[in-house]
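Here are some notes to read beside the model. Please keep the structure open while going through them.

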Amino acid sequence: MGAYPYPRRHRRKSSSPETRSERKQRTREALLDAGLQLLDDRAFGSLSLREVTREAGIVPAGFYRHFQDMDELGFALIDESFRRLRQMLHSAREDRRDCKG
């Protein structure tokens, strides 16, 4: 994976300095993305903390800066899934309105 602590898909593109809050949010998003990615082909109960952190590109101890335990991650994944679903539905409605003219 190299010296950079995040997989390529989670790296920032901006050259401006990143605040601690931005780094923390980016790491949380990386954990959520990793969890959702791993759930594509299996159940939440079969996920381990190490697998999620490995997929996110962080050390396992870093997980606890964002979530108390795997259950809290599970609830956050549900929230994130619904947020993404709402976003997709909103986009679909907007596209439909655009087509009607």
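This is a predicted model: local features need pLDDT of at least 70, side-chain atom pairs count only at pLDDT 80 or more; totals for chains, interfaces and linings use all residues.

1. The secondary structure comes to three helices and zero strands. From the N terminus on, the order is α-α-α.

2. **Overall numbers.** The protein has 101 residues, and buried ones make up 30% of them.

3. **The core.** In soluble globular proteins, nonpolar side chains tend to be buried together. Here the largest nonpolar core holds 17 residues. Leu31, Val52, Phe63, Phe67, Met70 and Leu73 touch the most other members. H1 gives the most, with six residues.

4. **Thr53.** This residue lies in helix H2, which spans residues 49-56. Is Thr53 buried or exposed? Thr53 counts as buried because its relative accessibility is 1%, and the cut-off for buried is under 20%. Thr53 touches Leu31, Ile58, Val59, Pro60 and Phe63, not counting residues up to four places away in sequence. The Thr53 side chain also has a polar atom 3.1 Å from the backbone oxygen of Arg50.

5. **Leu36 against Glu80.** Leu36 is found in helix H1, and Glu80 lies in helix H3. The two residues are 44 apart along the chain, yet their C-alpha atoms are separated by 8.9 Å. Leaving aside neighbours within four places in sequence, Leu36 is in contact with Leu77, Glu80, Ser81 and Arg84. Leu36 counts as buried, at 16% relative accessibility.

6. **A nonpolar surface patch.** Which residues form the nonpolar patch on the surface? They are Phe75, Ile78, Phe82, Leu85, Met88 and Leu89. Together they have about 630 Å² of accessible area. Leu89, one of these, has its place in helix H3. At 46% relative accessibility, Leu89 counts as partly exposed.

7. **Salt bridges: Arg26 and Glu18.** Side chains of opposite charge can pair when their charged atoms come close. The structure holds six salt bridges. One of them joins Arg26 and Glu18, with the closest N and O atoms 2.7 Å apart. The contact between these two side chains is also listed as a polar contact at 2.7 Å. Arg26 lies in helix H1. Is this arginine buried or exposed? Arg26 is buried, because its relative accessible area is 10% and the cut-off is under 20%.

8. **Salt bridges: Glu51 and Arg42.** This pair also has its closest N and O atoms 2.7 Å apart. Glu51 is partly exposed, with a relative accessible area of 23%. Arg42 counts as partly exposed too, at 31% relative accessibility.

9. **Salt bridges: Arg84 and Glu80.** These side chains meet in a salt bridge at 2.8 Å, N to O. Both residues lie in helix H3, four residues apart, about one turn of the helix. Arg84 is partly exposed, with a relative accessible area of 30%. Glu80 is buried, with a relative accessible area of 12%. Salt bridges that share partners join Asp33, Glu80, Arg83 and Arg84 into one network. Recall from point 6 that Leu36 is in contact with both Glu80 and Arg84.

Technical notes: Residues are numbered from 1 along each chain as its sequence is written. Side-chain values use heavy atoms; hydrogens and water are left out. Helices (H or I, at least four residues) and strands (E, at least two) are DSSP runs, numbered from the N terminus. Buried means under 20% relative accessible area, exposed over 50%, partly exposed in between (1.4 Å probe, protein chains only). A polar contact is a pair of N or O atoms within 3.5 Å; within protein, one must be able to donate a hydrogen and the other to accept it, and residues adjacent in sequence count only if both atoms are side-chain atoms. Contact means heavy atoms within 4.5 Å. A nonpolar core is a set of buried Ala, Val, Leu, Ile, Met, Phe, Trp, Tyr and Cys residues joined through side-chain atoms within 4.5 Å. Patches are made of residues with over 30% relative accessible area and no salt bridge: like charges are joined within 9 Å, nonpolar side chains (Val, Leu, Ile, Met, Phe, Trp, Tyr) within 5 Å. Accessible areas come from the Shrake-Rupley method with a 1.4 Å probe; for residues, only the protein chains shown count as cover. A salt bridge is a side-chain nitrogen of Lys or Arg within 4 Å of a carboxyl oxygen of Asp or Glu.
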